[in-house]
Amino acid sequence: MQGEVEQQAPMQMVLRVKHPSSLSSGSEEASEGEGSSRSALSVFKAKEEQIERKKMEVRDKVFAQLGRVEEESKRLAFIRQELEGMADPTRKEVESIQRRIDTVNRQLKPLSKSCVKKVTRTSWT
């Protein structure tokens, strides 16, 4: 039994040497633990606030960009309408000219046939 007590005592001393915090009193540990947890909490809150600020900045930038995109989209729609308006008169003019060409071609067709007939008659004689 005595050998067991002698073996336990050196082990306890080793533990105390390895862990000097076990030598301090419990009240010091509690106040030190509270201080470190308070500082950790304040650091956490500061980081959380910083993240929230960044999130708001990004959100504001995204909404500003979205606003610019909407403005540009409206501008493009307006330009497209103007181009279509410009294309319509041109299209109408092209259709009108095409109708005139068709009319003239219809009038020229019989004349060209009669010319071909006259040319073929004169070439034989």
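Student: What places Phe78 in helix H2?

Tutor: Helix H2 covers residues 26-124, and Phe78 lies in that run. Helices are DSSP runs of H or I with at least four residues, strands are runs of E with at least two, and both are numbered from the N terminus. The model is predicted: local features need pLDDT of at least 70, side-chain atom pairs count only at pLDDT 80 or more, and totals for chains, interfaces and linings use all residues. Residues are numbered from 1 along each chain as its sequence is written, and side-chain values use heavy atoms, without hydrogens and water.

Student: Why is Phe78 called partly exposed?

Tutor: Its relative accessible area is 48%. Buried means under 20%, exposed over 50%, partly exposed in between (1.4 Å probe, protein chains only). So Phe78 counts as partly exposed.

Student: What makes the nonpolar surface patch of about 520 Å²?

Tutor: Leu76, Phe78, Ile79, Leu83 and Met86 make the patch. Patch residues have over 30% relative accessible area and no salt bridge; nonpolar side chains (Val, Leu, Ile, Met, Phe, Trp, Tyr) are joined within 5 Å, like charges within 9 Å. Phe78, at 48%, therefore passes the area cut-off.

Student: Why do Lys55 and Glu52 count as a salt bridge?

Tutor: Their N to O distance is 3.7 Å. A salt bridge needs a side-chain nitrogen of Lys or Arg within 4 Å of a carboxyl oxygen of Asp or Glu. So the pair qualifies. Both residues lie in helix H2, 3 residues apart, about one turn of the helix.

Student: How do you know that Arg75 forms a salt bridge with Glu72?

Tutor: The closest N and O atoms are 3.5 Å apart. That meets the cut-off, so the pair counts. Arg75 and Glu72 are also 3 residues apart in helix H2. The whole structure has 2 salt bridges.

Student: Why is Arg75 called exposed, and Glu72 partly exposed?

Tutor: Arg75 has a relative accessible area of 51%, so it is exposed. Glu72 has 42%, so it is partly exposed.

Student: Where does pLDDT stay under 50?

Tutor: Over residues 2-26. pLDDT is the predictor's confidence in each residue, from 0 to 100. Where pLDDT is low, the predicted coordinates should not be read in detail. The mean for the protein is 79.

Key:
Areas by Shrake-Rupley, 256 points an atom, 1.4 Å probe, with all protein chains shown as cover. Contact = heavy atoms within 4.5 Å.
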